[in-house]
Amino acid sequence: MSQSHRLSTGGSIDRETLVEFTFNGRPYKGHPGDTVASALLANGVKIVGRSFKYHRPRGIFAAGAEEPNALLQLEAGARTLPNQQATRVELYDGLSADSVNCWPGPDFDAMSFIGLFHRLTPAGFYYKTFMWPASFWKYYEHFIRHAAGLGKAPTEKDPDYYDKMNAHADVVVVGGGPSGLAATLAAARVGARVILADDQPTLGGWLLNERREIDGKPANEWIATVEAELNQMENVTVLRRTTAFGYYDHNFVGMIEQRRANVSHGGCTSRQRLWRVRAKQVVLATGAIEQPMIFADNDRPGVMLAGAVRTYVNRYGVQPGKRVCVFTNNDDAYRTALDLFDAGISVPAIIDVRSDPSGELATEAIQRDIEILDNHAITAVQGSKGVAAIEVMALNKTGDGVTGTARTISCDVICSSGGWNPAIHLHSHSGGKTVFDEERGIFLPSNTLQNETCVGAAAGIFDLARCLVDGLKAGKVAAGGAGFKKSSRSKPPSAPEEDESPARLLWVVPTTQPLGRRGKHFLDQAHDVTAADIHLAAREGYESVEHTKRYTTLGMAPDQGKTGNISGMAVLGQALGCETLGEVGTTTFRPPFTPVTLGALAGRDIGVLMDPTRMTPMHHWHDQAGCNWEDVGQWKRPWYYPKPNENMQDAVNRECLAVRNAVGILDATTLGKIDIQGPDAAEFLNRVYTNSWQNLKNGRCRYGLMLGEDGMVMDDGVTTRLSENHFFMTTTTGNSASVLEWLEEWSQTEWPEMRVYFTSVTEQYANITIAGPQARALLSEFTEDIDLDPVSFPFMSVREGTVAGVSARIFRVSFTGELTYEINVPASYGMSVWTAMMTAGDKYGITPYGTETMHVLRAEKGYIIVGQETDGTTTPQDLGMDWIVSKKKDFLGRRSFDREDNRRQDRKQLVGLLPDDHTKVIPEGSQITSSQQERPPLGSRIPMIGHVTSSYYSANMGRSFALALVKGGRKKIGEGVYVPLADGVVRAEITSPVFVDPEGAKIDG
Amino acid sequence: MVQHMGKYSIFSLIRNALAYHEGWERAWRSREPQGEYDVIIIGGGGHGLATAFYLAKEHGITNVAVIEKGWLGGGNTGRNTTIIRSNYLWDESASLYEKSLQLYESLSQELNFNIMLSQRGVLNLAHNLHDLRELERRVNANLMNGIDSEILDTKSVKNFVPIINTDPNSRYPILGASLQRRGGTARHDAVAWGFARGADERGVDIIQQCEVTAIKQSRGKVTGVETTKGLIKAKKVGVVVAGHSSELARMAGFRLPLNSYPLQALVTEPVKPVLDTVVMSNAVHVYVSQSDKGELVIGAGIDGAHGYSQRGSLHVIEGQLGALCELFPITSRLRMMRQWGGIVDTCPDASPIIGKTPVDGLFINCGWGTGGFKATPGSGWVFAHTLATGEPHALNAAFTLDRFTSGFLIDEHGAAAVAH
Amino acid sequence: MLLIPCPYCGEREESEFHQGGEAHIERPKDPNKMTDEEWADYLFFRDNRKGVYLERWVHRHGCRRWFNVARDTATNQIVAVYKMGSKPPKSITSRVTMK
């Protein structure tokens, strides 16, 4: 079978070239310029899939983004794409596609037995059953899950990539139809930067689908002229195959561009591009979407939108059927009949629900001897796997019933038209309101929140000549709004006048039986929602549109109800006895207009680019040394440096012993560093730290705690007074950015009179920390201009000088209790100083250590880590750090100490824990109890009195130890507590949190 | 015991099928307000409807009106990602959320409305050592509180969620996860509708399209509410309006420690089952499950700026999907089908406020932030007790408004799915 | 995504900024003289207004300066932008009851 339904002439396909493709494994041929849908129709393929719920056979219904039925699994393997609309996939050679949600295929589907139970499965049936026995729901659910779900997700990693484009425009025009092209021209001619986005591969919009004339010539010629002019203009960007999917606040428009039609290979580009466009003005020329007639069994393969049939005939040279009837409530569908007739296709009848249609188009049909059955309706469709014939009856006066006898007309396609509704989706996304035009039965855009206007069909203007005028005007106004006020007078192109008579709004086409008893009137074919379902929802009290939508799932499928929502609302209105559809209300359209690939929204921000990785200047040394890494914020920090055959504990033990007994070297570059200058710097620190800073001498360092205004510990670190008005603050690695912002906030918003300035210098300096009894001996080899004697260079002071020939700032602080020098050198010298230290340090037993060893050593001294010993609910007093809290001054957070909660006796306090079993390292995060009990069974409880915050094995002590926060802990020193673990209860004794060198004897080496 | 107007079952479904489903009764009736009620509940979301249901069922108070300015369940009840769990850190929260989970476990039967509770487990991922430590602390606290909770190592995470990316070289590798097997999802709309039906059946008046314009008071005591449908009197009024709580409080003359933000979510097109559990990651701000219809339901962190617009910013979604595609590489080819926003009222300590206000007889239930859906039955249950007796139940005694004065905060930032 | 007019840099994308909560909340001069209630009010209690709302923003990834914005939280329309330390324009104050 080769293109049995291809017309011999017409269409804008490339008839010279044949492309081959497969559908459900069968080979077919088509032409470039086809969509998969047009090619399938050209090959006489009727059934393309099965419906979501009842597994009814379904065919191609539409020709664009509104298609509810023809969803394909495109390609296989790593590049497979589920749920692609056949009407939007451009045909290419070698394309392979399959139907979704049916097995073995759409012609015979094993799941179609479900349709037999349709009487039992109306809207919302699942809310009413599957409840007994309660434990069975999971089995029902398992079946439901596997029965649902359309296409299949890929199982392999994505071989493609996606890009993002950020763009600014004076005017964005969405839609390349007549109004959009006219608007683009008008705005561009006065110099505005215009971005025109259109979802089709070629410009022209609905003109591509029609036989229309502009300026007395076929519309194609006008399109070509406009396109040529736009191509000449540097201020115009035309984006084809680009769907504007969402319209967000402040004129931000999201667009998705298909970069290649053929998705089966990678090509040389990203697969799609996300355009993030900020526009001064937006013109929405998004056109209109045809609504179908809602008649019994209107889902049979062969029932199609009238406009879609016209598109297939005119644009693709395809005859969807051999005998085609038209069923309409308006004049426009007559164009389909005329186009079909003129293409040599038999049109047995136009069934029009109106009486005496008398417009020009009707006259033309009569001239062609096409039979018009006015005031008639289709009451039944014969044929279950495709339209075979229709039954037609006369309507009664009110249109809610039929009279007389049925006449059967054989045909294989029914063109259904309930009129065109403006595509106001983007307008609605942007916060724009809509109004219902009762007479025409359409929703029109009204008030807008943004600098936006709808034109042409999107504004309810369907007359071509008026669309062109409207577009030109809107383009000019938009350009003016964006500041381009130059006047340009161009004569609007002309088009023949159109004279159409009004539609008759029938909403549900009656049959000989009450609704729901003879055939199914589908509103939402994608989700199998019928008019009877809407009536059921209304009957059960789901009266709001939103309730009805949710109860019936109307409009919730991938097509988002583009051909069903409005009829659905109208049916709801009827069911509720509303006078007008406006009374029913409107639903808010939500982005996206058509589905958007997640990968495109993610863009390049995946893999290593998901978040920036921060590396110190010595990173590669650590890497070569074979360290294991710890992620701290965005930083990579060496965690520990295992030697061959060492496990983590071995390595940490070795590193710990080296620091306490010889010398260790740590890369502490990641600590936040903030340079603070200004005459009020000391007073400023006074306000943000708990302790006093006015009296700190030049060259001396002081430890500080920073609190939130709620009195809870926020950050800590050492700050040094380099000179009278110059301080150098260090923060924790994770909080460096937030601390800087905190300081800026207070200085700018609360105390702007203070003269103090902050600069982040975290990345300007490498911090090479050497710690241990041999640290002085090591450092002395590298510096001549600094006296390292502990009397002249005491603990908690700073010296500036030269280290290994590099100017350096050395801080004598300590996070281990050992003699420590934190050597800050310009970042670019970090590696050279580090390697020099390593080389010279060999004889002292220098040992690089990582964050794990740092943590063990500081815990042995009872030093806290913010975020580990604290959790946002911890005060300085809880940590036993009263000594650092000034009683004399106010500071951020101080007032909160006086609150009732802070005076509680049973607040959790920082203590040490020594497990009875010296080898047992209690897991961090373990909960502590006061009596010896196993973990309770589910449903019963044991009171907790605290939790373990840090826990390690100490090679120095030869035993395990921990830090913990325990209720009233400081009064419980010496008492035993219990830690129930999965493998039994561990007993431990509460101790002081300082385990090693409590007198500080080692601090000078 | 009130008779069910029309009990739902497979038998009633068959019976009605024979009558072309023309005989079904309303799930609830839309009432016009009477002059006076014992209790008025402002807000017809899940929490408000649950409150009305339990007032009637547990306390026999049926002269109750639920007043909703829009349509039932139209706020956050119908806009969340339907996740249910009780693995909270602090005793106060754990008890409250666990009560809620227990109510959920028999809610379909209690309401005779299938809310499709699906206990397919909730995983919280750890991406660094700090996450792991916090996870361990919370899981241990859960176990001590008698709540099911366990730690999975990376390999077990992979077994549990085969499509997850456990490459140790990824930017934020998965080091482990906590799992609450009794956690899962439920059908959000059904929860609101089921409670509405149950409350209506017990005599509660459900009044939709009725906006409160003033809170009437006399000598510091509430006397009723002025609405777009007229004055309605009551000596007890409960405010359960989530994102709009501050606005209602302003009407009553006091302020709340709340900030309202848009919280966005989205669903993909439906695909055949790929994800049989709920996965959450604090570190990269994303949470995801797959609905019975086959859509991936994906939530993000809250937007950066206060707002009542129900429209969020696209860049928040972009960031969230980067995290999703990284965690689940196969999802990069799925497509976002619908996105939306809700307005969440966040408290400084990420815990709710359920109890008295400065106005006598006026009670408030708010501040659920990003996590209110899972608490719906529990919240209604304790709030009903509070309204009925005038005093909080033991389960909500700690969740007072004056904790912000005393400092007795219940800081659950670690347990909430997203950064506040 | 909002487009925020930084008074120092001009219009920039929201992602460059950080919102810093309600504006015009002054830190008390002498917190120690306050009652717990007054302190709590300063710490936690907020207007959280639907409608025109006065808020602070910082141009985090730009000039790092703080400034005030009057924005309608229902529509996200920015009504005014003014520097730290200034009072909101009169046209705004009429639309907001200042606390």
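## Chain C against chain B

Four salt bridges link chain C and chain B in this predicted model (a side-chain nitrogen of Lys or Arg within 4 Å of a carboxyl oxygen of Asp or Glu). One of them joins C:D41 to B:R255, with the closest N and O atoms 3.3 Å apart. Polar contacts between chain C and chain B number 16 residue pairs, both at pLDDT 80 or more (N or O atoms within 3.5 Å, one able to donate a hydrogen and the other to accept it; residues adjacent in sequence count only if both atoms are side-chain atoms).

The contact (heavy atoms within 4.5 Å) takes 26 residues from chain C and 27 residues from chain B. Buried area is about 2300 Å², 49% of it from carbon and sulfur atoms (accessible area lost on being put together, 1.4 Å probe, summed over both parts). C:F44, C:F45 and C:N48 supply 31% of the area that chain C buries against chain B.

## Domains 1 and 4 of chain A

Domain 1 of chain A spans 1-156 and domain 4 spans 514-603, with bounds from an automatic or database assignment. Their C-alpha centres lie 22 Å apart. Domain 1 gives 23 residues to the contact and domain 4 gives 19 residues.

The two domains bury about 1800 Å² between them, 56% of it on carbon and sulfur atoms. Two salt bridges cross this interface. A:D528 and A:R58 meet in a salt bridge at 2.7 Å, N to O.

## Basis

Residues are numbered from 1 along each chain as written, and chains are lettered from A and ligands numbered from 1 in written order. Local features need pLDDT of at least 70, side-chain atom pairs count only at pLDDT 80 or more, totals for chains, interfaces and linings use all residues, and side-chain values use heavy atoms, without hydrogens and water.
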